[in-house]
Amino acid sequence: MLIGLVAGLIGLALGTFGVLAYRVSEKQRHLLDVDADEIALPAGAAEVLAVVGRAFVVVDAVDGVVRASPAAYAYGLVRGHTVVHKELLDMTAGVRRDGVILEKQLELPRGPLGQGTIIVQVRAAMLGEEYILLLADDRTEITRTEEIRNDFVANVSHELKTPVGAISLLAEALESSADDEQAVRRFAKRMHKESGRLAALVQDIIELSRLQGASVTQEGRPVDVNAVIAEAVDRSQLPAESKNIRIVVGGRTEGKVFGDQDLLVTALRNLIDNAIRYSPVNTRVGIGVRSREGLVSVSVTDQGEGLSPEDQERVFERFYRVDSARSRHTGGTGLGLSIVKHVASNHGGEVTLWSQPGQGSTFTLRLPEMEGQEDEDEVPQAAAPGLAGHGHRKPTVTQVPRAAGAKERGANA
């Protein structure tokens, strides 16, 4: 009887505890299931935020995102219902603690990869008694313009001095050899080559300056990576054929990226042209593409001499040349890879390099896939602009299965 009585008391206690736990759980679940639309902002706040013209984020007492503008997601300030950057959370904590308005200019990562950043002027203030409002203004373009202005003159004057000086000397030699037909032809040919270098250098400088001030978040759209590859290969066919180099494309991706298609074509074409320029004749350039863990990777592999570790650390710097004499021979300006780096940064991605002396090099452009692609039915699936109706011929490329010859170092074909 004693044992039965004890067992009954224990059962009663467990039953009572279970009922209490169930009620507490139901209460918490009810609180968590409150619909986001039922969260009431202070009167008139929603209407003001709709017309304020700046990216905004409203957070609650535990820094959960109550409401955010599309621009806040485009800037990478918010992901899902979470504020991404610790700097923003520090500002909300300061406002919550001191009850004051805070304003800072922050340089924040542009995306999950690479060194790309976005510069925003952020203002944090209380919104009613419970919420905190973050207002963000994109200052990236203004800041970049100031930086470009500071170093543009120095870089350009240094790099333009060589071809301009060469043309001047050749003109003097041409004038003094007016009666020597063979010398005139030789000097004229050299002048033509130097003027071509000068034109290419000016064009690359203009392109780089435009990229440094570009705003992909404001002007971007869904981009088909396969179309970008097709157009870049098409534009690189002439230099490849001049060296009897075969361009081999392996793999496809169904994922799209958000950005500027023309800039992405320019970046990939620079990688392909660079591979062609430093590959021996009668070889091939491999292009591999794959999607993995929310990233689209496009790799370009050459069969050149490869790069030393010292050169690999500086190869993306503006105007840096591995071999200045060879660059003059091949027509390189030292800006191609710098342009690729800026395009990748502007798209929230990165460009990486694998290289070994004597084993060639692989450059890999990695970009974040665009979220919610199933809702982008309006995006045309046709090839990139410029492949049809502009006199371009179909690129002569060899398609190989993705698994054939793919390597971990860059999924190169």
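Guide: Start with one pair of residues. Ala-125 has Leu-133 as its bridge partner in β7.

Visitor: What should I know about the model itself?
Guide: The model is predicted, so local features need pLDDT of at least 70 and side-chain atom pairs count only at pLDDT 80 or more, while totals for chains, interfaces and linings use all residues. Residues are numbered from 1 along each chain as its sequence is written, and side-chain values use heavy atoms, with hydrogens and water left out.

Visitor: How many helices and strands are there in the chain?
Guide: The chain has 13 helices and 15 strands. Of its 413 residues, 43% count as buried. Buried means under 20% relative accessible area, exposed means over 50%, and partly exposed lies in between (1.4 Å probe, protein chains only).

Visitor: How do I read a sheet? In what order do the five strands of the open sheet come?
Guide: First the general idea. Strands of a sheet pair through backbone hydrogen bonds, either parallel or antiparallel. Two strands pair if DSSP finds at least two bridges between them. Here the order is β2-β1-β7-β6-β5, with antiparallel pairing. The edge strands, β2 (65-68) and β5 (102-109), each pair on one side only. From one strand to the next, the twist averages 25 degrees.

Visitor: Which helix packs on the sheet?
Guide: Helix α4 (residues 86-98) does. It touches β1 (55-59), β5, β6 and β7 (131-138). Contact means heavy atoms within 4.5 Å. The direction of α4 makes about 165 degrees with that of β5. For such angles, axes are lines fitted to C-alpha atoms, for helices over the stretch in contact, and values run from 0 to 180 degrees between N-to-C directions.

Visitor: Take me across the sheet. How many bridges join β1 to β2?
Guide: Three, and the two strands run antiparallel. Val-58 has Arg-67 as its bridge partner in β2. The hairpin of β1 and β2 has five residues between the strands, and Asp-63 in the turn has a positive phi of about 65 degrees. β1 also pairs with β7, over five antiparallel bridges. There, Phe-56 is partnered by Leu-135 of β7.

Visitor: And how many bridges pair β6 and β7?
Guide: Eight, again in the antiparallel sense. Their hairpin has three residues between the strands, and Gly-128 in this hairpin takes a positive phi near 75 degrees. Eight bridges also join β5 to β6 (residues 117-127). Leu-102 stands opposite Ala-124 in β6.

Visitor: Why is β7 largely enclosed by the rest of the structure?
Guide: Seven of its eight residues are buried, so β7 is largely enclosed.

Visitor: How many residues of α10 are buried?
Guide: 14 of its 17, so α10 is mostly covered. It reaches 24 Å from first C-alpha to last, close to the 24 Å expected at 1.5 Å a residue. The expected span is 1.5 Å times one less than the number of residues. At the start of α10, a side-chain oxygen of Asp-260 comes to within 2.9 Å of the backbone nitrogen of Asp-262.

Visitor: What follows α13?
Guide: Gly-348, with a positive phi near 75 degrees. Eight of the 11 residues of α13 are buried, so this helix is largely enclosed. Among them are Leu-337, Ile-339 and Val-343.

Visitor: Last, two single residues. Is Arg-252 buried or exposed?
Guide: Arg-252 is exposed, with a relative accessible area of 54%. It is found in the loop between β9 and β10 (256-259). Thr-301, in strand β12 (residues 295-301), is buried at 8%.

Terms used: Helices (H or I, at least four residues) and strands (E, at least two) are DSSP runs, numbered from the N terminus. A polar contact is a pair of N or O atoms within 3.5 Å; within protein, one must be able to donate a hydrogen and the other to accept it, and residues adjacent in sequence count only if both atoms are side-chain atoms.
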